[in-house]
Amino acid sequence: MATIDTSTTKVTDLMATMNPKKSTAEAGSVEAETNKFLTLLVTQLKNQDPMNPLDNAQLTSQLAQLSTVTGVNKLNTTLETLKTSYQQAESMQAANIIGHGVLTAGKDINLSKSTALLGVDLATAADKVKVTIYKDGKEVHSIDLGAQPAGTLPLGWNGATADLDKDGKNIVLADGAYTFAVEATRGGTKLTDATALMFGSVASVSTGANGVKLNVPGVGSITMADVKQIL
């Protein structure tokens with residue numbers, strides 16, 4: 001059976017080969033864990049039983065374990081670095097849309113000065129798309145959008161309805177809070193992938209353990225992924 005030479009020179013060479021850096025490693029770092037492993041291994045070699053020495057297969061197995069652990073630790077460090085870089089880039093991107101309007105999933109409409117913005121998101125194309133607007137649960141207006149391709153469609157509404165006043169003009173509803181629903185069909189079959197989009201203006205950006213959040217008054221805190229369109 002082959003044995004390992006544990007002379008001072010050989011041990012020093014082993015340490016130098018496996019851990020060439022001379023700088024002090026921080027506790028818990030990959031280098032610190034490597035140093036700890038090598039110290040234990042060298043101690044084991046120095047104190048091995050001469051009658052039952054550590055063979056090459058055992059040494060190779062332990063070094064392979066060290067290589068695996070070190071590789072995983074380095075991979076984790078790399079992933080954390082990439083995560084940090086991504087969050088920084090996302091923060092910069094989010095900061096650039098402060099003051100801009102966005103469309104995100106929701107059914108609320110805020111009619112102000114006879115102006116409101118809303119939207120429809122279609123995962124697939126539709127033959128017919130209809131938007132129905134409600135006030136306190138009662139239908140007050142509907143908009144027929146006809147056939148639409150897949151994608152996001154922003155809409156504007158001035159509060160006008162199909163009803164006419166005594167002068168024959170469209171009745172315009174008062175400013176306030178409304179809701180709406182989207183119905184889309186293709187080939188006579190109702191689609192389940194049509195989403196109502198509400199409008200809001202980004203007031204600020206915050207970062208935390210859950211990533212970057214856009215603070216949108218009237219909507220709440222949303223992520224960049226929640227934004228369907230920037231207006």
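Asp136 is exposed (over 50% relative accessible area; buried is under 20%, partly exposed in between; 1.4 Å probe, protein chains only), with a relative accessible area of 75%. The model is predicted: local features need pLDDT of at least 70, side-chain atom pairs count only at pLDDT 80 or more, and totals for chains, interfaces and linings use all residues. Residues are numbered from 1 along each chain as its sequence is written, and side-chain values use heavy atoms, with hydrogens and water left out.

Asp136 sits in the loop between β4 (126-135) and β5 (138-148). Strands (E, at least two residues) are DSSP runs, numbered from the N terminus, as are helices (H or I, at least four). The phi of Asp136 is near 55°, a positive value in a residue other than glycine. Most residues other than glycine have a negative phi. Lys113 also has a phi near 55°. Its place is the loop between β2 (108-111) and β3 (116-122). Lys113 counts as exposed, because its relative accessibility is 73%.

β3 also belongs to an open sheet of 5 strands. The order is β6-β3-β11-β1-β15, and the pairing is antiparallel. Two strands pair if DSSP finds at least two bridges between them. β6 (151-157) and β15 (227-230) stand at the edges. Each has a single partner strand, so one side of each is left without a neighbour in the sheet. Neighbouring strands are turned by 30° against each other on average, direction ignored. These angles refer to axes fitted as lines to C-alpha atoms (for helices over the stretch in contact), and run from 0 to 180 degrees between N-to-C directions. β3 and β6 run antiparallel and are joined by 7 bridges. Leu122 stands opposite Gly151 in β6.

The largest pocket has a volume of about 290 Å³. A pocket is an open set of points on a 1 Å grid over the protein atoms alone, where a 1.4 Å probe fits, with protein on both sides within 12 Å along at least five of seven lines; lining residues have an atom within 4 Å of a point. The volume is the space filled by probe spheres set on the points, which are joined across faces, edges and corners. Of the 13 lining residues, Ile109, Asn110, Leu117, Phe199 and Gly200 are the closest to the centre. β2, β3 and β11 (194-201) each give two or more residues to the lining. The largest share, 4 residues, comes from β11. By class, the lining has 6 nonpolar, 6 polar and 1 charged residues. Ala, Val, Leu, Ile, Met, Phe, Trp, Tyr, Cys and Pro count as nonpolar, Asp, Glu, Lys and Arg as charged, and the others, Gly among them, as polar.
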